[in-house]
Each structure stands twice: as structure tokens, then as C-alpha cells.
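Welcome! Please take a moment to look over the sequence and the structure below before reading on.

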Amino acid sequence: MNGATTWVVLGVAVLVLVWVTVLCVARSRRLDRLHQRTDAARVGLESALARRASVAVAVAEGLGAARAPEGSPVAALGHAARAAGAGLVRDLPREWDQGVEARELVENALSRALGAVDRDLLPTAVLAELVDAEQLVVLARRVHNDAVRDTRGLRSRRLVRWLRLYGTAPLPEYFEIAESAPHSGRVASTDGPVSRE
């Protein structure tokens with residue numbers, strides 16, 4: 001009887017060990033996929049921010065930012081667009097976690113500057129390109145933040161924390177920027193999709 005009880009306890013222990021191992025492997029694979037998704041979303045967000053910065057530079061140049069008086073909305077747009085564009089030159093996927101807050105400040109400055117510009121002065125094609133670039137940033141930021149939320153959610157689970165199933169991967173950070181609020185009531189209308197190239 002005592003020997004049978006020992007075998008039952010041993011069998012239960014083996015089953016629990018197998019179950020925990022399978023659970024750990026499944027969680028670590030899912031976490032790996034979520035980290036890959038977050039990285040891909042970060043690249044997409046970088047691409048959207050780069051496009052918005054280049055469109056903002058074109059808008060500033062089109063409005064004559066170089067000749068605009070210092071302190072004017074157009075001059076502020078020129079400064080903010082150049083600052084955002086300069087931030088994109090570096091290898092941001094590696095630098096991202098060290099400068100998210102600084103990058104958010106730069107992108108928020110660009111959003112404010114774009115919101116202060118009178119959009120009635122812009123040609124329809126340029127306005128359509130700007131609106132498209134801004135909408136792409138909003139979408140890319142949402143996709144990125146959703147991926148970050150899912151990754152952080154799984155990383156907060158006890159088993160993942162206790163066994164450090166995330167390895168050496170840094171904790172992904174949310175990216176929060178204000179959306180530019182145009183002062184103009186004019187809306188760009190396009191007959192077809194605007195090129196993203």
C-alpha cells in the first residue's frame with residue numbers, strides 16, 4: 001500500500017512537472033512572437049514618423065519657412081520638421097528604448113506646429129499628402145501601442161516573471177504623441193489612394 005501511494009505521488013509530480021514545462025514553453029514562444037510583433041510595429045511607426053517629417057519639411061518649404069519671421073507658425077513648423085527629420089537619421093531601433101521620451105517631445109512639437117499652420121494656404125495635393133501622413137502616424141502608433149500592451153500584459157504574469165521567460169529582452173515602452181489639430185475647416189479630398197512612397 002505504501003509503495004502504491006509513493007508511485008501515485010511520483011506520477012502526479014511527473015504530470016505537474018510536464019504540465020509546467022509545456023506551459024513555460026508555450027508562454028515563452030508566445031512572448032517571443034509578441035516581442036517580434038512589437039519590433040515590427042516599431043519599425044512601422046518609425047516609417048510613418050519619417051514620412052510625416054518629410055511631408056512637414058515639404059510643407060514648411062512650400063510656405064517659405066526659410067523667409068518666415070522667427071516665432072511665426074511657419075518658422076516653428078520648419079524648426080520642428082527639421083528636428084523630427086534629424087531624429088530619423090540615427091539607427092533608431094537600437095536607440096529607441098534610450099530616448100522614447102525625448103523622441104515623444106520632438107514629435108509632439110511637430111504635431112503642435114502642424115496644428116498651428118493655416119491649411120487653407122496649402123495646395124490640395126500637399127494637403128492630401130499631409131493628412132494621409134498624419135493618419136498613417138495615428139494608425140501606426142495605435143498598432144505599436146497595442147503590441148506593447150499585449151507584450152507587457154504577458155510579461156506581467158507570475159509564471160513569466162518568476163522564471164524570467166522574457167530573457168534579456170527590454171520591456172517595450174508605449175509611444176504617446178498628440179495628434180495635430182488643424183485650424184482650418186478645409187478637408188483634403190482625393191479621388192484615389194495617396195502614394196506612400
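Here is a short briefing on this protein, grouped by topic.

Keep in mind as you read that this is a predicted model. The protein has 6 helices and 0 strands, and the order along the sequence reads α-α-α-α-α-α.

**The whole protein**

- Of the 197 residues in the protein, 38% are buried.
- The protein exposes about 11900 Å² of surface, and carbon and sulfur atoms supply 59% of that area.
- If you take the contacts between residues at least 6 apart in sequence, 81% of them join residues at least 24 apart.

**The nonpolar cores**

- As background, nonpolar side chains in soluble globular proteins tend to be buried together.
- Which residues touch the most other members of the largest nonpolar core? In this core of 21 residues, they are Ala56, Val59, Leu77, Leu110, Leu114 and Leu130.
- Two or more residues of this core come from each of the helices α1, α2 (73-87), α4 (100-116) and α5.
- Helix α2 gives the largest share of this core, with 6 residues.
- Leaving aside residues up to four places away in sequence, Ala56 touches Leu77, Ala81, Leu110 and Leu114.
- Another core, of 8 residues, lies apart from the largest one, and its members include Leu45, Leu49, Ala140 and Phe175.

- Is Val22 buried or exposed? Val22 counts as exposed because its relative accessible area is 53%, and the cut-off for exposed is over 50%.

- You can find Asp146 in helix α5, which covers residues 124-155.
- Asp146 has a relative accessibility of 33%, so this residue counts as partly exposed; that class lies between the cut-offs of 20% and 50%.
- How many residues apart along the chain are Asp146 and Thr38? They are 108 residues apart, while their C-alpha atoms are separated by 8.6 Å.

How values were computed
Residues are numbered from 1 along each chain as its sequence is written. This is a predicted model: local features need pLDDT of at least 70, side-chain atom pairs count only at pLDDT 80 or more; totals for chains, interfaces and linings use all residues. Side-chain values use heavy atoms; hydrogens and water are left out. Buried means under 20% relative accessible area, exposed over 50%, partly exposed in between (1.4 Å probe, protein chains only). Helices (H or I, at least four residues) and strands (E, at least two) are DSSP runs, numbered from the N terminus. Contact means heavy atoms within 4.5 Å. Accessible areas come from the Shrake-Rupley method with a 1.4 Å probe; for residues, only the protein chains shown count as cover. A nonpolar core is a set of buried Ala, Val, Leu, Ile, Met, Phe, Trp, Tyr and Cys residues joined through side-chain atoms within 4.5 Å.
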